[in-house]
Amino acid sequence: MSIRPQSELFDGNILRQAVMGSVLKLAPQKLVRNPVMFVTGVVAALVTIVFVRDAVTGANGLGFTGQVAAWLWFTVLFANFAEAVAEGRGKAQADALRRTRSDTPAKLLLHPDDADDNLWQPKSALDLNQGDVVLVEAGDTIPADGEIIEGIASVNESAITGESAPVIRESGGDRSAVTGGTLVLSDWIKVKVTAAPGSTFLDRMIALVEGAERQKTPNELALSILLSGMTLIFLIAVVTLWGLAGYSGTVLSLTVLIALLVTLIPTTIGGLLSAIGIAGMDRLIRFNVVAVSGRAVEAAGDVDTLLLDKTGTITYGNRLATAFVAVPGLTAHDVAEAALLASLSDETPEGRSIVALAKGEYSLGDVNIQASQSSIIPFSAQTRISGLDFDGRTIRKGAVDAVLAFVKLTYDESPAEFREAVQAIARTGGTPLAVANERGLVGVIHLKDVVKPDIKARFAELRAMGIRTVMVTGDNPVTAAAIATEAGVDDYIAEATPQDKLAYIKSEQAKGRLIAMCGDGTNDAPALAQADVGVAMQTGTQAAREAGNMVDLDSDPTKLIEITQIGKQLLMTRGSLTTFSIANDVAKYFAIIPALFVATYPQLGALNLMGLATPESAILSAVIFNALIIVALIPLALNGIAYRPVGAVALLRRNLAIYGLGGFVVPFVGIKIIDVAVSTLGLA
Amino acid sequence: MTFVGWLQIALVLSAVVATAWPLGIYMSRVFQGQRTVLSPVMMPVERLLYAAAGVQPAKEQSWIAYTLAMLALNGAGFVLLYTLLRSQGWLPLNPQGFGAVSPDLAFNTAISFVTNTNWQAYGGETTMSHLVQMVGLTVQNFLSAATGIALAIAVTRGITRSAVGTVGNFWVDMTRATLYVLLPLSIVVAILFAATGVPQTLAGSVDAVNLDGSKQAIAIGPVASQEAIKQIGTNGGGFFNTNSAHPFENPNTWSNILSIWSMLLVSTALTFTFGRMAGDARQGYALLSVMAVLLIAGVAVVYGAETSGNPLLASAGVDAAGGNMEGKEVRFGQALSALYVVATTGLSCGAVNTMHNSLMPLGGLVPLFMIQLGEILPGGVGSGLYGMIVMAVLTVFVAGLMVGRTPEYLGKRIEAREMKLAMLALLILPLAILGFSAASVMMPKALESLANAGPRGLTEILYAYSSAAGNNGSAFAGLSANTPWYNATLGMAMLLGRFAYIIPVMALAGSLAAKTKSPASAGTFPTDGGMFIGLLIGVILILGGLQYFPALALGPIVEHFLMQAGRTF
């Protein structure tokens with residue numbers, strides 16, 4: 001998996017643009033998208049008006065009002081800044097992508113129906129329509145997304161995937177899709193344009209990383225409602241406090257009431273909410289996964305079941321030799337030697353794995369056999385046997401019945417140990433290969449589909465996260481069960497057809513489960529569309545890429561695991577910062593309430609737990625803390641909080657301890673420090 | 001505080017849990033239409049009632065139809081009670097010959113009894129005829145309690161069912177709540193009350209000859225029967241003005257224990273019903289644990305504050321050994337008075353055996369805060385459970401995010417729509433309590449009703465609106481609330497607290513009912529363990545604290561500090 005170089009968190013260029021952006025985002029029509037910040041902006045404007053009025057009338061406490069107004073504006077600006085930084089990181093990537101979408105000249109074929117007529121006319125890529133057929137030759141950039149209808153070519157797709165090794169694209173089959181902006185390195189292809197101008201894969205990717213199409217995701221919406229509700233509740237508490245204070249003989253100024261309101265409403269999470277969402281998408285893109293919507297990323301965090309293809313994901317996909325079993329009277333070493341000789345010229349993965357096993361575990365050296373003195377018996381589908389004749393020796397390996405025929409034995413005449421070994425191998429889902437030489441049967445090679453070494457641990461991790469893994473394979477149930485046990489998956493579907501996959505997804509969804517899967521073929525498309533999270537491989541067909549809601553540019557099926565973690569991290573960051581934000585309010589009450597009423601009721605000074613210097617400095621310090629905490633938490637919002645694959649309870653305990661308890665304690669310390677600074681500097 | 005005092009408290013609470021457990025299981029059977037011990041007796045009655053009313057018991061309603069039926073019944077109940085109050089002078093069973101009740105008081109009283117608040121801006125024995133007490137008030141005591149139970153069952157169904165459009169049949173739930181739960185319990189409890197010495201008669205008063213030879217008419221009446229449903233249905237409206245402090249409503253320790261037990265019984269039992277219906281008893285235990293922890297903490301503060309007494313009196317030479325006994329009945333003692341104060345406000349009962357206005361500042365803070373926390377500890381019959389469910393939904397939302405999943409409660413995903421409805425419900429109480437309180441303190445006319453100046457006066461007003469909006473009905477006293485302003489605004493607060501709250505909650509139940517239940521996994525945050533209990537307690541306290549801290553700081557909190565500094569008003 002390639003991870004795109006991460007743009008530095010505080011890259012100078014991005015920062016400069018973000019500062020500009022945070023001012024531009026003060027426009028009311030932009031601010032209103034974020035209710036908490038909109039309220040903060042409105043009350044900041046109110047305090048500013050009070051400040052101007054007081055300046056004209058020469059009222060007392062001008063410095064205090066001015067400072068409160070300034071810090072309220074900073075609160076809004078800091079929140080805008082967080083969003084702008086998050087967007088800026090995406091923009092930098094979008095700009096890089098946009099450069100590849102230059103106005104490529106396309107070779108539009110005039111007579112696409114005639115395969116021999118390659119007459120073309122130049123046309124701008126931006127003017128191509130769906131259904132046009134273009135010729136792309138070595139050195140040309142593919143002008144638009146499309147399907148190869150004729151030809152084969154090697155294509156450099158680094159513009160999209162970041163991977164510079166060329167890939168082969170050809171007409172027909174599962175590798176016929178090409179992406180606009182990629183470069184043909186050799187040969188030529190005829191491409192039928194499948195995307196309308198402006199809606200190509202590259203266009204969509206640019207829009208996504210820029211956040212231009214960003215809509216609030218379902219969970220973000222639910223959280224915004226919670227935050228808006230909290231804001232309303234605090235609005236009620238603060239407005240009515242004016243009346244209650246009046247009864248107690250305290251006239252509260254608009255400025256201090258607003259200061260109380262802004263410190264209470266959840267500005268911390270409100271200010272960082274959209275930055276968290278943008279950063280989540282960005283994190284996914286750094287893992288080389290493009291999500292069609294933020295909704296899909298969130299759904300990934302909720303996934304209950306991962307549907308994984310066996311081949312290439314759980315196993316290496318090739319049967320490899322894992323053991324040699326000898327007939328009575330011989331040793332495994334003898335089998336290894338014979339198998340090695342028989343496989344010397346076998347260039348299949350199986351053959352190479354036999355050589356590797358014999359040289360590795362049985363320490364056999366290189367064998368030098370002169371080609372003139374030997375003859376290679378190649379494998380054929382008819383004989384199902386291969387081997388080597390040299391020095392009068394004949395070594396053979398192959399299917400059990402074929403080798404038995406070679407040594408002129410029936411199955412029942414073969415040694416019992418041999419039969420047992422063959423049966424044991426078949427029972428565990430492996431493939432037995434018999435080995436024989438001129439003297440008779442030597443033994444059996446155990447070939448099996450080898451499970452990737454670290455995959456079992458990853459599945460255990462997933463199980464701890466509460467995610468079930470289901471292996472999908474075309475193997476028979478015996479083989480499937482053996483591999484399922486070895487890999488530690490929770491369930492498997494053997495002899496699976498694409499219809500089985502679809503049916504399985506539907507039945508799991510009916511039980512209330514959320515399913516994620518990945519696929520690349522056209523026949524995967526229905527299942528990809530049905531799954532809650534469908535990850536299509538970049539190497540896959542156009543149909544698969546259209547059906548899924550994410551595309552993995554590295555075409556790595558195991559990446560589903562990372563995608564799930566990113567989804568979880570996104571929600572956790574939101575939840576933890578919400579908890580932090582609300583826990584902060586306790587300290588702010590203890591700062592502001594005694595400050596408001598200490599003139600009327602000096603005894604309320606007992607609530608001034610932090611021992612803040614003066615009422616003005618207490619209020620100002622709370623407002624300053626409230627603004628600065630947003631800036632302090634920007635890195636956390638952008639990077640996300642650490643996710644660990646442990647159970648829900650352990651995770652919650654940890655996050656509550658850090659963000660709940662921390663959110664409770666930090667402001668007590670922070671406000672005190674700011675108060676010391678404010679009173680030392682004589683600001684209030 | 002004494003060991004014996006705590007032992008008394010522990011014994012009463014244990015008795016509540018021990019009896020609520022089988023009652024809860026019984027109720028889960030009743031509301032799921034299963035056979036119970038009372039079925040042979042009640043089934044024919046039930047069938048007769050359905051046939052007479054044209055109700056098809058097997059036909060379930062959507063949340064909207066259910067809520068509309070509930071509103072229609074309660075609306076009719078309001079009209080009937082209002083008419084009865086306005087015309088009692090012409091009606092029989094009025095031995096003392098009371099005239100019509102004034103329009104604003106009749107409005108306030110009718111709403112008060114329909115909403116299960118039982119705020120009484122009047123003195124019962126000097127205002128209401130026996131007919132009104134029995135046909136008007138006591139009937140509403142049953143109906144409002146049954147409404148609460150029905151709503152709680154409907155909300156429970158919404159959460160525990162999977163992918164259905166209905167939440168039950170309101171008429172069936174009402175009928176069963178009355179026939180199978182409230183009526184039998186009331187009969188038993190009324191007999192027990194009578195056994196402790198509470199009068200049960202249709203006579204208006206008995207005459208007593210005083211030592212100086214003058215004659216005194218002592219009011220009596222059908223007290224035991226009204227007392228039973230008053231406590232069982234967490235209504236709290238007393239027969240007499242001084243409520244459960246009156247020697248005929250609550251003559252001795254046994255009747256006091258019976259009062260506390262019977263008011264806590266049904267609300268506690270409903271948590272067991274909830275667990276049963278959810279198919280996981282532990283879910284109910286978790287909610288009950290939260291209620292119990294906060295209730296006992298409240299008792300500890302009141303008990304502690306009251307027994308430590310008033311330092312100003314101690315310095316004035318008054319013996320402080322007994323603690324603050326002002327406004328308390330010696331026959332109940334400190335421990336059970338403290339338990340009564342906290343239980344009646346943790347529930348939305350509102351019966352009182354102690355003058356809340358005579359509590360110490362911190363002792364008075366507790367009942368006020370218990371009400372402001374939303375009447376969920378354990379809350380009124382039914383309303384306590386659905387109020388607690390709203391808090392649980394809010395808690396799992398934040399907790400669910402922190403474990404990296406779309407939050408779920410009992411397998412139901414909590415999404416934008418659910419949050420919107422939960423927040424709407426949550427806004428009602430602060431709006432009514434703080435809004436009307438602030439409006440009142442700004443009106444000189446409204447301030448004339450106050451008996452105390454300074455922070456205590458503010459507490460009296462805050463308490464009145466909290467009690468009304470929380471459908472509690474207890475009075476802090478000290479506020480002469482029988483004025484057009486208070487009758488009207490407290491009436492509105494009661495309406496908001498009951499019906500404006502339940503509509504979004506029922507919508508929430510309907511929305512959850514339609515969702516498919518998703519199976520739990522290791523990644524799901526469990527809502528039956530200590531972690532959830534702790535978190536739910538935290539959310540309730542922090543949310544309540546954040547809403548009311550400024551107001552409380554100007555009331556009981558500052559009064560506490562002022563008292564310590566020796567300042568009085």
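In chain A of this predicted model, the mean positions of the 54 positive and 68 negative charges are 7 Å apart. Lys and Arg count as positive and Asp and Glu as negative, while His and the chain ends are not counted; each charge is placed at NZ of Lys, CZ of Arg, CG of Asp or CD of Glu. For chain B, the corresponding mean positions, of 25 positive and 22 negative charges, are 14 Å apart.

Residues are numbered from 1 along each chain as its sequence is written, and chains are lettered from A and ligands numbered from 1 in the order in which they are written. Because this is a predicted model, local features need pLDDT of at least 70 and side-chain atom pairs count only at pLDDT 80 or more, whereas totals for chains, interfaces and linings use all residues; side-chain values use heavy atoms, with hydrogens and water left out.

I turn to the overall form of chain A. The chain contains 22 helices and 20 strands; these are DSSP runs numbered from the N terminus, with helices being H or I of at least four residues and strands being E of at least two. Its radius of gyration is 34 Å, whereas a compact globule of 684 residues would have one near 26 Å. That radius is taken over C-alpha atoms, and the globule rule is 2.2 Å times the number of residues to the power 0.38. Along the principal axes, the C-alpha atoms of chain A fill a box of roughly 115 × 65 × 45 Å. Of the 684 residues, 55% are buried, where buried means under 20% relative accessible area, exposed over 50%, and partly exposed in between, with a 1.4 Å probe and protein chains only.

Chain B has 19 helices and four strands. Its radius of gyration is 23 Å, close to the 25 Å from the globule rule for 569 residues, so chain B is as compact as a globular protein of that length. Its C-alpha trace spans about 75 × 55 × 45 Å along the principal axes, and buried residues make up 63% of the chain.

Next, the interface. The size of an interface is often given as the accessible area lost when the parts come together. Here, about 5,100 Å² is buried between chain A and chain B, and carbon and sulfur atoms give 79% of that area; the figure is the accessible area (1.4 Å probe) that two parts lose on being put together, summed over both. On the chain A side, Leu244(A), Tyr247(A) and Leu652(A) lose the most area to chain B, together 14% of what that side buries. The contact, meaning heavy atoms within 4.5 Å, takes 62 residues from chain A and 64 residues from chain B.

Finally, some local geometry in chain B. Most residues other than glycine have a negative phi, and most peptide bonds are trans. Ala163(B), however, has a positive phi near 50°. This residue lies in the loop between helix 6 (130-160) and helix 7 (170-196), and is partly exposed at 45% relative accessibility. Thr234(B) also has a positive phi, near 45°, and sits in the loop between helix 8 (223-232) and helix 9 (253-277). Is Thr234(B) buried or exposed? Thr234(B) is buried, with a relative accessible area of 0%. A cis peptide bond, with omega about -5°, joins Leu377(B) and Pro378(B); Pro378(B) belongs to the loop between helix 13 (361-372) and helix 14 (383-402).
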